[in-house]
Amino acid sequence: MDRLKLLEHTDTVNELLARYGVKFGIYKNNTFHEQLFPFDAIPRVIEADEFDYLEKGLKQRVVALNMFLKDIYSKKQIVKDGVIPEDFIFASSGYMVECEGVTPIKDVYSHISGIDLVKGKDGTWYILEDNLRVPSGASYPMIARDLCRRSSPGTFSDLKIEDNRNYAQLLRRTMDNVNVGGHSVILTPGRYNAAYFEHSYLAEKTGAHLVNGSELTVEDDKLYFITANGEKERVGVVYRRISDEYLDPMNFNPESLIGIPHIYDVFRKGNVALMNAPGNGVADDKGIYYFVPKMIKYYLGEDAILNNAPTYLPFYEDDYKYVIENFDNLVLKDVAEAGGYGVVFGNKMTKQEKADFLELLKAEPRRFIAQEVIDFQDLDIVDNGIQVPRKADLRAFVLMADEPLVWKSGLTRFSRNPDSFIVNSSQGGGFKDTWVLSR
Amino acid sequence: MKKLHFDYSMRIDYEEMVSTCSFTIKCIPQKNNRQVPDNVHIDICPPTKYCLGLDGLNNPQIYGKNGYPHDYFTYRITGDVVVGLSLYDDLAEPGLAMIFNHPHGLNIPGENIKKYYDSLDVDGIDDPYQKAMRIMYRFHDDYEYMTNSTNIYTTAEEAFSQGHGVCQDFAHIFIALMHLAGIPARYVTGLIVGEGASHAWVEVLSDGKWYGLDPTNNKPVFDEHIKLGVGRDANDCMINRGIMHGGGLQTQTINVLVEEIDERKMEND
């Protein structure tokens, strides 16, 4: 009954979201479009026991991924021991030689990890991908919850739901854990970034300064924030929402106008924390995904709690054969692409497309992974007043503070197109709140 | 064994005032098995505070920012280096060696380099150093040195396809050939006895050691080279890197002098 009450308020909530500027910006054909991120009021509900299981599995995964990053940029033991072939590390575009030998404060590489999962029809959860660079999306369920509570307060007093508005405290705790002394800032590329709403919202909620590159400066191996009256104040931690390449024109892409010259040199000397640490792309590559369960075994001596989707690496001869033989049942992903791009379904290709693709696969087997198509559970959404089932995934957020913390909520994204498996917001999907029931 | 004196200077003149400039300079010789530097002096003008550090590949670097308006920037690094103490530069740390085992950036081979490699017929040679030397001799005969025929963005495949290039291109193509031969190889920036500009060559991994080979001059690196930095390709160890606000048209001049110090003559003076 209470959920029905919430449904009546869908339009109100969407209007409020629009008024608050909860938008998603995308570039298409070289122009910037800002679109609303449609909210659907039927929440995804996860029982307490089920979430306990997810929480354990997510912590385990993120702890192992952090150990992997530390290993790769120092001893490379996992490669020397033959668990992961060299090609998947050093020929990967996510590997950054500049990060060699650099140890982030308290060895934390991925402070905020966005782990995407789907639930199969049989109730099994599968990991779809890890996002360890600048995962976005936590602000959407935060503000949606806030607005829903306002429009339908009764729903939340009658049901025992974990309050997800504590994300800001978790984030603050994560920032404070690595702050070397000084201001906490959130660095945004600016107003035209896809997730600008989120940057400003998180700054407001955590009490950090929202800054752009021109407000930060490096002097004598330290990072300073330039105040409104021109004074320089030390910065201890930067939650940066700028990708690695654009962060520092003196160490990475020299063309970057939004970065801060020498900020990485300051980080290298341990005089500022960067969240997340640069170089994480080597661990969330789709090729490395295949190896994460092996990583968990290698570093923690445990079996992975959460399953990967069944994945094949054409790089290995046996897998290559399997892929050729079962092509029509598989989804193929280009390891270098993200955001739902570079994903093709074997059974949806024309004869010519298939022939071209097989040629490419033969020439560059390392570039692709193949996965069984998981028949995942649909979630109901309201489309023009009618409830219809749609594909949906869950982005869970794991924060690495003094201990790993899993946010008891998450971003549930759905495809509005009934025939599509692709839920990315950059491709027009919508979102739901995720309710984790408390005991 | 020789004692060399080096003098590297770079000057940029700007047409208009520069309000801020950030720079990173990787031009400081480091001690290794083959070379020992001494008396290294750094001079930056207009006087600018700078920091010292090591980059991800352990190359020494000087970096800083000049926030006062200026219309020129110049620095000079001088010092003495004893070279030729050994045939190899460094013992290879196995982890770091992996980094130099894969095509990257400007050294990625294309069809023409692959075809050329296949024509070399060197598969019968087991020892990596011997194999590298053989390839160097052949490649040096088949590729022509030509001043100003390429730029800093030219890839190995482009430079190879046009049949001529400068030391940077010799190095990139040679690294691509080494990778095809299964030999880890890295790009080296440095200086060589004589007057003119900086130089580039290659180090190959053999028997756990990094040996320098200079494909431009067709010889192993021993007592005429001063090593400054290493990388997967030229972009990893560029000697000068800078960005500035303002400046308009700029003119860069680089002068390099490396000469042998005659110890006896010095004593007589």
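**Entry 1: a helix of chain A**

Helix α15 takes in residues 351–363 of chain A and reaches 19 Å from its first C-alpha to its last, close to the 18 Å expected at 1.5 Å a residue. That expected span is 1.5 Å times one less than the number of residues in the helix. For the names, I note that helices (H or I, at least four residues) and strands (E, at least two) are DSSP runs, numbered from the N terminus.

A word on what I am looking at: this is a predicted model, where local features need pLDDT of at least 70, side-chain atom pairs count only at pLDDT 80 or more, and totals for chains, interfaces and linings use all residues. Residues are numbered from 1 along each chain as its sequence is written, while chains are lettered from A and ligands numbered from 1 in the order in which they are written.

**Entry 2: chain A as a whole**

I found 15 helices and 21 strands in chain A. Its C-alpha trace spans about 60 × 60 × 45 Å along the principal axes. I looked up the radius of gyration, taken over C-alpha atoms: chain A has 22 Å, which agrees with the value near 22 Å for a compact globule of 439 residues. The globule rule is 2.2 Å times the number of residues to the power 0.38. Of the 439 residues in chain A, 46% are buried.

**Entry 3: strands of chain A**

I followed an open sheet of four strands, in the order β13-β16-β14-β15 (chain A), with antiparallel pairing (two strands pair if DSSP finds at least two bridges between them). β13 (311–312) and β15 (343–345) of chain A stand at the edges with a single partner strand each, so one side of each has no neighbour in the sheet. Three bridges join β14 (residues 330–334) of chain A to β15(A), and A:L332 has A:V344 as its bridge partner there.

Next I checked β8 (residues 216–219) and β9 (residues 222–226) of chain A, which pair in the antiparallel sense over four bridges. They form a hairpin with two residues between them, and A:D220 in the turn has a positive phi of about 45°. A:V218 has A:L223 in β9(A) as its bridge partner.

**Entry 4: inside chain B**

I turned to helix α5 (residues 167–180) of chain B, which reaches 20 Å from its first C-alpha to its last, close to the 20 Å expected. Here 13 of the 14 residues are buried, so α5(B) is largely enclosed by the rest of the structure. After α5(B) comes B:G182, with a positive phi near 80°.

I then picked B:V83, found in strand β5 (residues 70–83) of chain B. B:V83 counts as buried because it has 24 C-beta neighbours inside 10 Å. Leaving aside neighbours within four places in sequence, its contacts include B:K2, B:L4 and B:H225 (two residues are in contact if their C-beta atoms, placed from the backbone, lie within 7 Å).

**Entry 5: where the chains meet**

Last, I looked at the interface: 20 residues of chain B are in contact with 25 residues of chain A. On the chain B side, α1(B) gives the most, with four residues.

Definitions and conventions
Buried ≥ 20, exposed ≤ 12 C-beta atoms within 10 Å, placed from the backbone.
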